[in-house]
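Work through the exercises below with the structure in view. Try each task before reading its solution.

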Amino acid sequence: MIENHAKVNGNYKLAYIFENGAFRFGENERLLDKSFFGAGFYTRYKNVIRNLRFCDCFEDQNFKTVEQFAQMGLPLSMNNWLCLRGALNKAKKNYKKPDPVLENKCESLLNFLLKIKRGSKKIREVLTADAINQSKPVDLLIVESFARITNTTVPDDTVLKTVLGLWNKVYFTNDFREFLFKQRNNTLGIGARVAHFDENVDDRCTFCRILYPAVQTREEFLHLFRTCPITLGLLRNTVRLWRLPITVPGPDPDPVFENLYWYGIENEENKMELSIYFDLFRYVLWKFKTRRVLPRIADFTSIYTSLLDTILAIKPKIRAKIFNNRLIANVLQALG
Ligand SMILES: [Zn+2]
(Lines give C-alpha, C1' and ligand atoms only; values in the text may rest on other atoms or scores of the structure.)
Protein backbone atom coordinates (compact mmCIF):
# COMPACT_ATOMS: atom_id res chain seq x y z
CA MET A 1 0.00 0.00 0.00
CA ILE A 2 2.83 2.33 0.90
CA GLU A 3 4.40 1.53 -2.44
CA ASN A 4 1.09 2.01 -4.24
CA HIS A 5 0.62 5.39 -2.62
CA ALA A 6 3.96 6.59 -3.99
CA LYS A 7 3.06 5.66 -7.54
CA VAL A 8 -0.25 7.56 -7.75
CA ASN A 9 -0.19 11.08 -9.23
CA GLY A 10 2.62 13.20 -7.76
CA ASN A 11 2.52 11.36 -4.43
CA TYR A 12 6.10 10.11 -4.78
CA LYS A 13 7.23 13.56 -3.66
CA LEU A 14 5.50 13.11 -0.28
CA ALA A 15 6.39 9.43 0.06
CA TYR A 16 8.61 8.14 2.84
CA ILE A 17 11.57 6.47 1.20
CA PHE A 18 12.65 4.08 3.96
CA GLU A 19 11.75 0.45 3.17
CA ASN A 20 9.40 1.69 0.51
CA GLY A 21 9.20 -0.66 -2.49
CA ALA A 22 8.77 2.34 -4.76
CA PHE A 23 12.38 3.43 -4.16
CA ARG A 24 15.12 1.00 -5.19
CA PHE A 25 18.75 1.21 -6.15
CA GLY A 26 21.41 -0.76 -7.96
CA GLU A 27 21.22 -3.68 -10.33
CA ASN A 28 19.51 -5.88 -7.75
CA GLU A 29 16.79 -3.32 -7.10
CA ARG A 30 17.61 -3.14 -3.42
CA LEU A 31 15.42 -1.36 -0.89
CA LEU A 32 16.61 1.66 1.07
CA ASP A 33 16.54 -0.32 4.28
CA LYS A 34 18.56 -0.81 7.43
CA SER A 35 21.33 -2.69 5.66
CA PHE A 36 21.58 0.09 3.08
CA PHE A 37 22.34 2.65 5.78
CA GLY A 38 24.28 0.19 7.95
CA ALA A 39 22.98 -0.97 11.33
CA GLY A 40 25.04 1.42 13.44
CA PHE A 41 24.27 4.46 11.29
CA TYR A 42 20.61 3.49 11.16
CA THR A 43 20.31 3.16 14.93
CA ARG A 44 21.90 6.52 15.42
CA TYR A 45 19.86 8.42 12.82
CA LYS A 46 16.70 6.33 12.63
CA ASN A 47 14.44 9.23 13.53
CA VAL A 48 15.64 11.25 10.53
CA ILE A 49 15.78 8.23 8.22
CA ARG A 50 12.26 7.06 9.03
CA ASN A 51 10.84 10.53 8.47
CA LEU A 52 12.73 11.20 5.25
CA ARG A 53 10.44 11.90 2.32
CA PHE A 54 11.42 12.19 -1.32
CA CYS A 55 10.87 15.97 -1.25
CA ASP A 56 13.17 16.35 1.77
CA CYS A 57 16.09 15.18 -0.37
CA PHE A 58 15.79 17.97 -2.93
CA GLU A 59 16.44 21.68 -2.83
CA ASP A 60 14.40 23.23 -5.63
CA GLN A 61 14.93 20.65 -8.35
CA ASN A 62 18.40 19.58 -7.26
CA PHE A 63 19.36 16.60 -5.17
CA LYS A 64 20.81 17.94 -1.92
CA THR A 65 24.56 17.89 -1.42
CA VAL A 66 26.32 15.80 1.23
CA GLU A 67 26.68 19.03 3.26
CA GLN A 68 22.98 19.82 3.01
CA PHE A 69 22.09 16.32 4.22
CA ALA A 70 24.50 16.73 7.12
CA GLN A 71 22.78 20.01 8.03
CA MET A 72 19.49 18.10 8.12
CA GLY A 73 21.02 15.78 10.69
CA LEU A 74 21.91 13.00 8.28
CA PRO A 75 25.69 12.84 7.64
CA LEU A 76 25.66 10.35 4.75
CA SER A 77 28.81 8.68 3.49
CA MET A 78 29.74 9.55 -0.09
CA ASN A 79 28.83 6.05 -1.23
CA ASN A 80 25.38 6.13 0.38
CA TRP A 81 24.80 9.61 -0.96
CA LEU A 82 25.53 8.40 -4.50
CA CYS A 83 23.24 5.38 -4.14
CA LEU A 84 20.46 7.47 -2.63
CA ARG A 85 20.76 9.97 -5.43
CA GLY A 86 20.60 7.14 -7.94
CA ALA A 87 17.50 5.65 -6.33
CA LEU A 88 15.61 8.93 -6.12
CA ASN A 89 16.51 10.14 -9.58
CA LYS A 90 15.36 6.81 -10.94
CA ALA A 91 12.09 7.11 -9.01
CA LYS A 92 11.61 10.63 -10.33
CA LYS A 93 12.08 9.41 -13.87
CA ASN A 94 9.62 6.55 -13.35
CA TYR A 95 6.93 8.34 -11.40
CA LYS A 96 6.95 11.89 -12.74
CA LYS A 97 3.65 12.36 -14.57
CA PRO A 98 3.72 14.02 -18.00
CA ASP A 99 0.44 15.75 -17.19
CA PRO A 100 1.23 18.68 -14.84
CA VAL A 101 -2.25 18.44 -13.29
CA LEU A 102 -1.53 14.90 -12.13
CA GLU A 103 2.07 15.69 -11.26
CA ASN A 104 1.00 18.51 -8.94
CA LYS A 105 -1.66 16.41 -7.27
CA CYS A 106 0.03 15.18 -4.10
CA GLU A 107 -1.62 13.45 -1.23
CA SER A 108 -0.03 12.49 2.05
CA LEU A 109 0.14 8.83 2.98
CA LEU A 110 -2.27 9.50 5.83
CA ASN A 111 -4.98 10.92 3.58
CA PHE A 112 -4.40 8.15 1.10
CA LEU A 113 -4.99 5.58 3.84
CA LEU A 114 -8.00 7.43 5.21
CA LYS A 115 -9.79 7.07 1.89
CA ILE A 116 -9.87 3.30 2.16
CA LYS A 117 -13.37 2.85 3.45
CA ARG A 118 -15.72 0.21 4.62
CA GLY A 119 -16.23 -2.70 2.30
CA SER A 120 -12.56 -3.32 1.75
CA LYS A 121 -11.90 -5.11 5.01
CA LYS A 122 -9.33 -7.44 3.46
CA ILE A 123 -7.27 -4.57 2.15
CA ARG A 124 -7.38 -2.81 5.47
CA GLU A 125 -6.33 -5.93 7.33
CA VAL A 126 -3.34 -6.35 5.07
CA LEU A 127 -2.60 -2.68 5.37
CA THR A 128 -2.79 -2.68 9.16
CA ALA A 129 -0.59 -5.77 9.42
CA ASP A 130 1.81 -4.17 6.99
CA ALA A 131 1.89 -0.90 8.88
CA ILE A 132 2.49 -2.69 12.19
CA ASN A 133 5.31 -4.81 10.77
CA GLN A 134 6.99 -1.99 8.95
CA SER A 135 6.76 0.70 11.50
CA LYS A 136 7.62 -0.83 14.85
CA PRO A 137 10.45 1.62 15.57
CA VAL A 138 8.31 4.55 14.45
CA ASP A 139 5.51 3.38 16.71
CA LEU A 140 7.95 3.26 19.55
CA LEU A 141 9.08 6.81 18.92
CA ILE A 142 5.47 7.92 18.69
CA VAL A 143 4.45 6.34 21.98
CA GLU A 144 7.52 7.61 23.74
CA SER A 145 6.85 11.14 22.61
CA PHE A 146 3.15 10.80 23.49
CA ALA A 147 4.10 9.59 26.97
CA ARG A 148 6.43 12.56 27.32
CA ILE A 149 3.85 15.20 26.37
CA THR A 150 1.17 13.62 28.57
CA ASN A 151 3.53 13.06 31.49
CA THR A 152 2.74 9.34 31.57
CA THR A 153 4.73 6.11 31.21
CA VAL A 154 4.59 4.00 28.05
CA PRO A 155 2.03 1.20 28.60
CA ASP A 156 2.58 -2.40 27.51
CA ASP A 157 2.26 -3.80 23.99
CA THR A 158 -1.32 -5.02 24.15
CA VAL A 159 -2.52 -1.60 25.27
CA LEU A 160 -0.49 0.11 22.56
CA LYS A 161 -1.94 -2.09 19.85
CA THR A 162 -5.48 -0.92 20.62
CA VAL A 163 -4.54 2.67 21.23
CA LEU A 164 -2.43 3.04 18.08
CA GLY A 165 -4.92 1.15 15.92
CA LEU A 166 -7.97 3.16 16.93
CA TRP A 167 -7.52 5.84 14.27
CA ASN A 168 -7.98 3.21 11.59
CA LYS A 169 -11.50 2.16 12.62
CA VAL A 170 -13.91 2.61 9.72
CA TYR A 171 -16.89 3.32 11.94
CA PHE A 172 -15.36 6.67 12.92
CA THR A 173 -15.68 9.72 10.70
CA ASN A 174 -12.59 10.68 8.73
CA ASP A 175 -12.33 13.86 10.74
CA PHE A 176 -12.29 11.97 14.03
CA ARG A 177 -9.79 9.49 12.60
CA GLU A 178 -7.52 12.29 11.49
CA PHE A 179 -7.72 13.77 14.98
CA LEU A 180 -6.83 10.42 16.57
CA PHE A 181 -3.87 10.00 14.26
CA LYS A 182 -2.58 13.51 14.81
CA GLN A 183 -3.16 13.36 18.55
CA ARG A 184 -1.03 10.21 18.88
CA ASN A 185 1.62 11.61 16.55
CA ASN A 186 1.69 15.01 18.23
CA THR A 187 0.98 16.87 15.00
CA LEU A 188 -2.14 18.77 16.10
CA GLY A 189 -1.96 22.53 15.72
CA ILE A 190 -1.51 23.19 19.42
CA GLY A 191 -0.62 26.85 20.12
CA ALA A 192 2.79 26.28 21.71
CA ARG A 193 3.80 23.78 19.03
CA VAL A 194 2.76 25.96 16.08
CA ALA A 195 4.25 29.11 17.61
CA HIS A 196 7.54 27.23 17.65
CA PHE A 197 7.80 27.55 13.86
CA ASP A 198 5.42 30.44 13.20
CA GLU A 199 6.13 33.49 15.30
CA ASN A 200 2.82 35.14 14.32
CA VAL A 201 0.89 32.50 16.20
CA ASP A 202 -0.16 33.22 19.75
CA ASP A 203 1.21 30.45 21.94
CA ARG A 204 -1.26 31.05 24.79
CA CYS A 205 -4.18 28.77 25.64
CA THR A 206 -7.19 29.46 23.42
CA PHE A 207 -9.70 28.88 26.23
CA CYS A 208 -7.87 30.67 29.04
CA ARG A 209 -7.36 33.65 26.72
CA ILE A 210 -11.09 33.99 26.07
CA LEU A 211 -11.82 34.11 29.78
CA TYR A 212 -8.79 36.15 30.92
CA PRO A 213 -7.25 38.10 28.02
CA ALA A 214 -4.15 38.89 30.08
CA VAL A 215 -3.34 35.24 30.75
CA GLN A 216 0.18 34.02 29.95
CA THR A 217 -0.39 30.26 30.13
CA ARG A 218 1.09 28.54 27.10
CA GLU A 219 -1.10 26.17 25.11
CA GLU A 220 0.87 22.99 25.68
CA PHE A 221 -0.67 19.63 24.79
CA LEU A 222 -1.00 18.66 28.45
CA HIS A 223 -2.51 22.01 29.37
CA LEU A 224 -5.14 22.03 26.64
CA PHE A 225 -6.27 18.44 27.07
CA ARG A 226 -5.84 17.89 30.77
CA THR A 227 -4.81 20.67 33.14
CA CYS A 228 -6.56 23.73 31.67
CA PRO A 229 -9.24 24.87 34.17
CA ILE A 230 -11.82 24.82 31.36
CA THR A 231 -10.93 21.24 30.44
CA LEU A 232 -10.89 20.10 34.05
CA GLY A 233 -14.25 21.76 34.63
CA LEU A 234 -15.74 19.95 31.64
CA LEU A 235 -14.28 16.62 32.71
CA ARG A 236 -15.80 17.03 36.16
CA ASN A 237 -19.13 18.36 34.98
CA THR A 238 -19.68 15.65 32.36
CA VAL A 239 -18.86 12.95 34.90
CA ARG A 240 -21.26 14.54 37.37
CA LEU A 241 -24.00 15.11 34.80
CA TRP A 242 -23.90 11.53 33.53
CA ARG A 243 -23.39 10.16 37.06
CA LEU A 244 -20.27 8.19 36.18
CA PRO A 245 -18.31 6.61 39.06
CA ILE A 246 -15.08 8.30 37.93
CA THR A 247 -13.05 10.58 40.17
CA VAL A 248 -11.45 13.42 38.27
CA PRO A 249 -8.38 14.63 40.16
CA GLY A 250 -6.92 18.14 39.99
CA PRO A 251 -4.19 19.19 37.56
CA ASP A 252 -1.46 17.24 39.37
CA PRO A 253 -0.64 13.86 37.81
CA ASP A 254 -2.65 10.98 39.25
CA PRO A 255 -1.33 7.64 37.89
CA VAL A 256 -4.68 5.81 37.95
CA PHE A 257 -6.59 8.61 36.26
CA GLU A 258 -3.84 9.37 33.71
CA ASN A 259 -3.84 5.73 32.59
CA LEU A 260 -7.60 5.78 32.27
CA TYR A 261 -7.74 9.14 30.52
CA TRP A 262 -4.87 8.75 28.04
CA TYR A 263 -4.82 4.98 27.45
CA GLY A 264 -8.27 3.68 28.46
CA ILE A 265 -6.66 1.51 31.11
CA GLU A 266 -8.76 0.21 33.98
CA ASN A 267 -7.26 -2.36 36.37
CA GLU A 268 -4.12 -2.55 34.21
CA GLU A 269 -6.13 -3.57 31.17
CA ASN A 270 -7.02 -1.52 28.12
CA LYS A 271 -10.74 -1.24 27.51
CA MET A 272 -11.47 -0.04 24.02
CA GLU A 273 -14.73 1.62 25.11
CA LEU A 274 -12.83 3.71 27.64
CA SER A 275 -10.34 4.78 24.98
CA ILE A 276 -13.21 5.81 22.74
CA TYR A 277 -14.97 7.62 25.57
CA PHE A 278 -11.97 9.83 26.39
CA ASP A 279 -10.66 10.21 22.84
CA LEU A 280 -14.08 11.50 21.86
CA PHE A 281 -13.96 13.88 24.82
CA ARG A 282 -10.66 15.32 23.59
CA TYR A 283 -11.92 15.43 20.02
CA VAL A 284 -14.97 17.53 20.94
CA LEU A 285 -12.73 19.77 23.02
CA TRP A 286 -10.46 20.12 19.99
CA LYS A 287 -13.44 21.17 17.83
CA PHE A 288 -14.16 24.03 20.23
CA LYS A 289 -10.49 24.97 20.31
CA THR A 290 -10.21 25.19 16.52
CA ARG A 291 -13.36 27.33 16.40
CA ARG A 292 -12.01 29.45 19.26
CA VAL A 293 -15.23 29.00 21.18
CA LEU A 294 -15.43 28.43 24.88
CA PRO A 295 -16.97 24.97 25.43
CA ARG A 296 -20.06 25.43 27.61
CA ILE A 297 -21.29 22.24 29.20
CA ALA A 298 -24.65 22.15 27.34
CA ASP A 299 -23.10 22.65 23.87
CA PHE A 300 -20.27 20.29 24.68
CA THR A 301 -22.50 17.44 25.83
CA SER A 302 -24.96 17.81 22.96
CA ILE A 303 -22.14 17.50 20.39
CA TYR A 304 -20.51 14.72 22.37
CA THR A 305 -23.65 12.59 22.70
CA SER A 306 -24.66 13.01 19.08
CA LEU A 307 -21.20 11.88 17.89
CA LEU A 308 -21.25 8.93 20.26
CA ASP A 309 -24.76 8.07 19.10
CA THR A 310 -23.60 7.95 15.49
CA ILE A 311 -20.68 5.67 16.33
CA LEU A 312 -22.95 3.31 18.24
CA ALA A 313 -25.49 3.25 15.45
CA ILE A 314 -22.80 2.10 13.03
CA LYS A 315 -21.14 -0.25 15.49
CA PRO A 316 -23.65 -1.69 18.02
CA LYS A 317 -20.93 -3.87 19.53
CA ILE A 318 -19.46 -0.77 21.15
CA ARG A 319 -22.81 -0.01 22.76
CA ALA A 320 -22.64 -3.45 24.41
CA LYS A 321 -19.09 -2.78 25.58
CA ILE A 322 -20.10 0.55 27.11
CA PHE A 323 -23.20 -1.04 28.67
CA ASN A 324 -20.95 -3.59 30.37
CA ASN A 325 -18.41 -1.08 31.65
CA ARG A 326 -19.55 0.22 35.03
CA LEU A 327 -17.40 3.36 34.71
CA ILE A 328 -19.21 4.73 31.69
CA ALA A 329 -22.42 2.67 31.29
CA ASN A 330 -24.58 5.56 32.49
CA VAL A 331 -23.64 7.71 29.52
CA LEU A 332 -25.99 5.57 27.43
CA GLN A 333 -28.94 7.12 29.28
CA ALA A 334 -27.96 10.50 27.91
CA LEU A 335 -28.22 9.31 24.31
CA GLY A 336 -31.30 9.70 22.16
ZN1 LIG B 1 -6.19 26.95 29.31
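A residue is buried if 20 or more other C-beta atoms lie within 10 Å of its own. The model used here is predicted.

**Exercise 1.** Decide whether L235 is buried or exposed.

Solution. Start with the location: L235 lies in helix α15. Next, count its C-beta neighbours inside 10 Å, which gives 20. The cut-off is 20 or more, so L235 counts as buried.

**Exercise 2.** Describe how α15 and α18 pack, and state which residues make the contact.

Solution. Two packed helices are described by the angle between their axes and the distance between the axes. For α15 and α18 the angle is about 65° and the axes are 11 Å apart. Angles of 65 to 115 degrees count as roughly perpendicular, so α15 and α18 are roughly perpendicular to each other. Their crossing is right-handed. On the α15 side the contact is made by L234, N237, T238 and L241, and on the α18 side by I297, F300 and T301. Sorted by class, the residues of this contact are four nonpolar, three polar and no charged.

**Exercise 3.** Find the largest nonpolar core and say which residues have the most contacts inside it.

Solution. The largest nonpolar core has 39 residues, and C228, L280 and V284 have the most contacts inside it. Elements that give two or more residues to this core include α10 (157–165), α11 (174–185) and α15 (229–241). The largest share, seven residues, comes from α17. Now take C228 and set aside its neighbours within four places in sequence: C228 is then in contact with C205, F207, C208 and H223. Another core lies apart from the largest one; it has 19 residues, among them F23, F25, I49 and A87.

**Exercise 4.** List the buried residues of helix α16, then look at what follows the helix.

Solution. Helix α16 spans residues 255–263, and its buried residues are N259, L260, Y261, W262 and Y263. After α16 comes G264, with a positive phi near 65°.

Methods
Residues numbered from 1 in each chain as written. Predicted model: local features only at pLDDT ≥ 70, side-chain atom pairs only at ≥ 80, totals over all residues. Buried ≥ 20, exposed ≤ 12 C-beta atoms within 10 Å, placed from the backbone. Helix = DSSP H or I, 4+ residues; strand = E, 2+ residues; numbered from the N terminus. Core = buried A, V, L, I, M, F, W, Y, C linked by C-beta atoms within 7 Å. Contact = placed C-beta atoms within 7 Å. Axes fitted to C-alpha atoms, helices over the stretch in contact; angles between N-to-C directions. Parallel < 35°, antiparallel > 145°, perpendicular 65-115°, else oblique. Left-handed = near helix turned anticlockwise from the far one by under 90°. Nonpolar A, V, L, I, M, F, W, Y, C, P; charged D, E, K, R; others polar.
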